[in-house]
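User: Can you walk me through the annotated site in this model? I'd like the surroundings residue by residue.

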2 protein chains.
Amino acid sequence: MSDLADLSLQNSGSAKKPQDLRQFTTQELYNFLDSFDTILSDCDGVLWNCHTPIPGALATLKELQDKGKNVYFVSNNSTLSMKDFLKKLHTQGFPARKEQIIIPSLVVVWYLKSIDFKGEAYVVGTDPFKNVLRENGIKVAPPEPDSVKEDLAEVVKALQDVPSIKAIIHDFEPNYSWMKIMRSIVSLRRDDCLYIAAALDNKVAVGAEHPLLGTKVFTDIVSEFSGREPTLTGKPSKLLKQYVYKNCSIADPERCIFVGDTIQQDMGFAKLCGFKKLFVSSGVTSLEEVLKEEHLRPELYIPSIGGLLPLLKNLPPEDARAGRKPQ
Amino acid sequence: MSDLADLSLQNSGSAKKPQDLRQFTTQELYNFLDSFDTILSDCDGVLWNCHTPIPGALATLKELQDKGKNVYFVSNNSTLSMKDFLKKLHTQGFPARKEQIIIPSLVVVWYLKSIDFKGEAYVVGTDPFKNVLRENGIKVAPPEPDSVKEDLAEVVKALQDVPSIKAIIHDFEPNYSWMKIMRSIVSLRRDDCLYIAAALDNKVAVGAEHPLLGTKVFTDIVSEFSGREPTLTGKPSKLLKQYVYKNCSIADPERCIFVGDTIQQDMGFAKLCGFKKLFVSSGVTSLEEVLKEEHLRPELYIPSIGGLLPLLKNLPPEDARAGRKPQ
């Protein structure tokens, strides 16, 4: 087992095999704990799969928080309201505060406020996503009708431009429709209309079942037909990096660990931020798959973050450690 | 002006410039009329743009029918019912019979009957499309709900496989939705479920306005996520060629002319069938665009099929022609 000092190699471009936390000696585990102040964790596939909690995952993060680590949840999933998010965490034993949760809808609000956005936003997204915008003073344009008359002339009439729409915002929604895509394309023909995308996942994992279609395929259609590219707000975007740096008071990114189960979104975002990457295979990606992406290869691995809990619980008292000051 | 005998060069692979019907001498026009027995015409962009008739288009086809030519309408547009199609043609002065109209929904029925299909068909398409299937004894599965609860577990529940669905059939529909795409993907995981696509146009022309999103982008998503490829029934498919050959009693394809305004669908279908290609620029494609596709280059051109009418009307009586038998 190499020394934990190897973690500093993360930005050197070498593609070393990730260190498996389960193989760590007591000393290495203490070094690991000493190596970070902040741990940021993805949610779907790390803490739970759909409504099924991943055993020990939140208990592990609570143990780390109790040990003085700053814990944040950084999810691309804005389909839960902030209230439901907190409830889900509380029910599973993690005493989360609102400030610990970071989802794309919050980043969208933060971005729109930063540019003093005043118009109406047309949102393809779930009600919880829209509600975060509304609660923060963003005007949300009314949605398209659920069903339009099947007559091309009527459709064209229904698709007349709505000049008050000054932003098109796309997030996952299981009621994605042709009219919503067309409304987006029509609005984006105007230069004064912003184009923002939140979760751009191609697939949405729902446990052992086949994945659901994510937002990306639809946003790709809008981009192609409008000739516009969206400003990104979810993982792995630069705006989210700025948001996280500011709201999680990141002083030294090398003293942060990001835990995730996806390659592009989680490992990609961790790399963008300069965080250490801890990969878990409890979600949508296998260890083999993530290792293929050499430039996003994680430094650390454990099958499930919950597997860390017994290792932490079994550590001898810190003051028993040789060469270490009691806290 | 080269002799009309040049028309026979169509299959030689040469990419000659198309002959402009407006430049024809009287003799060339007579030779042109003598060169075909059957004229098959696209509708959108050739006869009308949305609800606006293209001047003289149907009057020209009526004149040709009155001169003894077999006239057929071959459209990828199944969003009009057969009744509405006939009404549209009759109102614009063309005394069409049902048998003269060929749309993908009819080809779907013909194909399903040919394989003795007994199951339920899940149809993404307009009511007129579905009605053609129903009227011909095909069981159409109920559609997805207009709106689904925004909860992933509920969505997964709503997407349980429906084993009675034995065919997924895609055509244009302005109420395309995420649930319809997901239902298609879920059903196509079963090998006993057929996958059929009708109009696979990427864009739907609606006159001078920007085009609407066609079916192809959505069928592409289903194909990608299911790993299946659809059996095609619209232009330019082999099944449609078989249908046209049989139902239009095509004896000699070289004595057929296909009139169209699109490259892949119309010129592509005409080439597949071995018909002469008459391109019109009254629809979605310019002459410059069609000429770029050398292998689909039309032999004949006129800006609008309606432009042929005065040329036909101004022809001297046939028996006045030198070297031609009076009819």
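Analyst: Asp42(A) sits in the loop between β2 (38-41) and β3 (48-49) of chain A, where strands (E, at least two residues) are DSSP runs numbered from the N terminus. This is a predicted model, in which local features need pLDDT of at least 70, side-chain atom pairs count only at pLDDT 80 or more, and totals for chains, interfaces and linings use all residues. Residues are numbered from 1 along each chain as its sequence is written, and side-chain values use heavy atoms, with hydrogens and water left out.

User: Which residues carry the "active site" label in UniProt?

Analyst: The unreviewed UniProt entry places that feature at Asp42(A) and Asp44(A), although such annotations may be inferred rather than shown by experiment.

User: Is Asp42(A) buried or exposed?

Analyst: Asp42(A) is buried, because its relative accessible area is 5%, and buried means under 20%, exposed over 50% and partly exposed in between (1.4 Å probe, protein chains only).

User: What does the side chain of Asp42(A) make a polar contact with?

Analyst: The partner is the side chain of Lys235(A), at 2.8 Å; a polar contact is a pair of N or O atoms within 3.5 Å, and within protein one must be able to donate a hydrogen and the other to accept it, while residues adjacent in sequence count only if both atoms are side-chain atoms.

User: OK, switching over, where is Asp44(A) found?

Analyst: Asp44(A) is also in the loop between β2 and β3 of chain A, and Asp44(A) is partly exposed at 24% relative accessibility. A polar contact of 3.3 Å links the side chain of Asp44(A) to that of Trp48(A).

Note on methods
Chains are lettered from A and ligands numbered from 1 in the order in which they are written. Helices (H or I, at least four residues) and strands (E, at least two) are DSSP runs, numbered from the N terminus.
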